[in-house]
Amino acid sequence: MPEDVPNPQEPKKDDEPKIPLTVDQAPIITEHSISIGGKKLEYTATTGMLPLKNETGEVEAGVFFVHYAKKGAAAEPSNRPLMFSFNGGPGSSSIWLHFGAVGPKRAVLNPDGSLPPPPYQLEDNAYTWLKDADLVFIDPVGTGFSRPAKASLGEKFWGVKGDIESVGEFIRLFLTRFERWASPLFLVGESYGTTRAAGLSGHLLEKGIAFSGIVLVSSILNMQTARFHKGNDLPYVLFLPTYTATAWYHKRLPKDLQGDLGKALAEAEAYASGDYVLALAKGNRLTGAERSRAIAKLSRLTGLSRDYIDQADLRIQIHRFCKELLRKEKRTVGRLDSRFKGIDPIGTGDVPEHDPSMTAIRPPYTAMFNDYVSRTLGYKTDVPYLVSAWGTRLSEKWDWGSSAEGYTDTSESLRSAFSKNPHMKVFVASGYYDLATPYFATKYTVAHMGLDPELTGNISTGEYEAGHMMYIHDASLNKLHKDVASFLKSCSK
């Protein structure tokens with residue numbers, strides 16, 4: 001067909017079907033109360049969607065949110081902190097922090113965080129952060145109920161830069177529509193959400209939005225610390241203490257280490273940051289005696305056989321560790337929480353079939369949120385709530401930035417924000433059994449930010465005897481709540 005003759009079977013770009021959005025619908029406001037420590041806390045829940053528009057005013061996406069505000073507390077906005085919350089992925093909705101630690105309701109799991117039998121339950125969260133700050137849970141475009149206006153627009157938001165810009169624009173618009181510009185502002189992000197939070201701290205500061213504090217839950221700011229690529233030995237070093245913690249939990253360490261987790265971790269950290277680095281750096285220049293010593297030490301600290309470590313060339317990849325540690329029991333360990341055991345169809349595979357720590361918690365959270373948002377919050381829609389968009393076009397098309405820039409790293413944005421806003425504080429929460437974002441990798445990143453010595457005291461940390469989502473473990477949830485409450489108080493001094 002000649003080029004100047006339009007093909008009637010090819011739709012014009014403007015004819016691309018639009019995705020139904022409810023951005024023109026007024027938010028739904030409901031009233032609630034819970035009892036915390038014998039005291040009644042009354043609050044409103046505002047549920048809706050805000051539009052993201054381009055320069056010409058055309059709506060390009062709708063961002064779903066749930067906003068909780070303590071009744072009567074925001075009459076004077078400057079007296080009431082406001083915290084924006086999101087999870088990671090990239091491609092995860094905000095459901096995990098919402099129903100796990102931060103919001104006024106909590107999905108009921110067993111005390112250790114394992115899966116209870118259905119039907120699942122929702123309970124009042126006695127550890128909600130609403131006591132200390134109003135809350136806004138954000139589902140980035142392509143997650144939860146949030147969608148691009150057209151399928152082709154999705155890629156604008158699905159990348160490190162586009163994600164930070166779109167969530168930043170949501171925050172600006174929320175502050176304007178809800179008249180909260182005068183409030184002390186906070187962020188809480190989990191996993192990739194910490195990557196986003198660090199990026200937002202610098203991005204929004206340039207737009208005049210400064211944060212009083214940021215909570216980073218299971219942090220990863222520098223992707224080099226977790227990418228097991230050839231030529232990048234850093235993850236092998238930084239994951240080692242978490243391998244040790246996991247082996248300790250499953251009783252795979254020698255007797256002298258098995259009695260004390262702190263002692264085991266101290267030895268692992270010392271070796272990881274010393275002789276292990278040197279051994280990996282030498283490559284095939286390592287002498288036979290040096291290699292034998294390294295193999296013996298790694299076997300002692302990981303619970304893996306010397307032969308396996310030798311065959312792995314001293315480099316233990318995370319998924320292979322999860323498969324190998326309990327292979328003789330025909331069990332695997334979780335990536336998000338290595339306390340959990342999984343069952344694979346065969347014991348001879350190289351990596352686990354699934355992550356038992358994720359499959360244990362996803363059903364209760366999914367079922368309870370869909371029930372809650374409809375029956376309790378009154379938000380009615382036939383659109384499916386995407387708990388995770390992993391495996392969809394969002395994750396497949398995610399733009400990590402130019403390869404010439406190396407690994408994605410938003411710690412520089414956080415450092416810059418500290419330099420320009422020295423009043424900002426950051427609290428970092430890490431789980432000992434987190435094999436997705438290991439605590440030692442977080443320590444490494446913080447130590448390599450190049451933060452001015454006068455500002456290092458602005459960062460505080462907390463470690464928990466649980467995994468990536470440490471709050472699914474009752475004792476860790478209690479500790480996290482106390483730590484964050486103290487952190488928020490310190491930000492007001």
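A salt bridge, as I use the term today, is a side-chain nitrogen of Lys or Arg within 4 Å of a carboxyl oxygen of Asp or Glu. This is a predicted model, in which local features need pLDDT of at least 70 and side-chain atom pairs count only at pLDDT 80 or more, while totals for chains, interfaces and linings use all residues. Residues are numbered from 1 along each chain as its sequence is written, and side-chain values use heavy atoms, with hydrogens and water left out.

I'll start with the charged pairs. The structure holds 30 salt bridges. One of them joins Arg300 to Glu267, with 2.7 Å between the closest N and O atoms. That pair connects distant parts of the chain, 33 residues apart: Arg300 sits in helix α9 (residues 288–302) and Glu267 in helix α7 (residues 261–272). Helices here are DSSP runs of H or I with at least four residues, strands are runs of E with at least two, and both are numbered from the N terminus.

Are these two residues buried or exposed? Buried means under 20% relative accessible area, exposed means over 50%, and partly exposed is in between, with a 1.4 Å probe and protein chains only. Glu267, at 18% relative accessibility, is therefore buried. Arg300 is at 23%, so it counts as partly exposed.

Helix α9 also supplies Arg291, whose partner Asp310 lies in helix α10 (residues 306–311), 19 residues apart. Arg291 is partly exposed at 23%, and Asp310 is partly exposed at 31%.

A further salt bridge, Arg327 with Glu324, has an N to O distance of 2.8 Å. Arg327 is partly exposed at 23%, whereas Glu324 is buried at 18%. Through shared partners, salt bridges also join Asp233, Arg291, Asp310, Asp313 and Arg315 into one network.

Next, the strands. Two strands pair if DSSP finds at least two bridges between them. Strand β1 (residues 28–36) runs antiparallel to β2, with nine bridges; Ile29, for instance, has Thr46 in β2 as its bridge partner. Two residues separate β1 and β2 in their hairpin, and Gly37 in the turn has a positive phi of about 60°. On to strand β3 (residues 59–70), which is antiparallel to β2 and joined to it by eleven bridges. Here Leu52 stands opposite Ala61 in β3. The hairpin of β2 and β3 has five residues between the strands, and Gly57 takes a positive phi near 90°. Eleven of the 15 residues of β2 (residues 39–53) are buried, so this strand is largely enclosed by the rest of the structure.

Now the interior. A nonpolar core is a set of buried Ala, Val, Leu, Ile, Met, Phe, Trp, Tyr and Cys residues joined through side-chain atoms within 4.5 Å. The largest one has 94 residues, and Phe84, Phe170 and Ile171 have the most contacts inside it. Helix α5 (residues 234–249) gives this core its largest share, ten residues. Apart from that core lies another, of 59 residues, including Met83 and Ala436.

What does Phe170 touch? Taking contact as heavy atoms within 4.5 Å, and not counting residues up to four places away in sequence, Phe170 touches Leu50, Leu52, Val63, Phe65, Phe84, Val136 and Ile138.

Helix α1 (residues 95–102) is mostly covered, with eight of its eight residues buried.

Last, the cysteines. With a disulfide taken as a pair of cysteine sulfur atoms within 2.5 Å, a search of the whole structure finds zero. Cys322 is buried at 2% relative accessibility, and Cys491 is buried at 14%.
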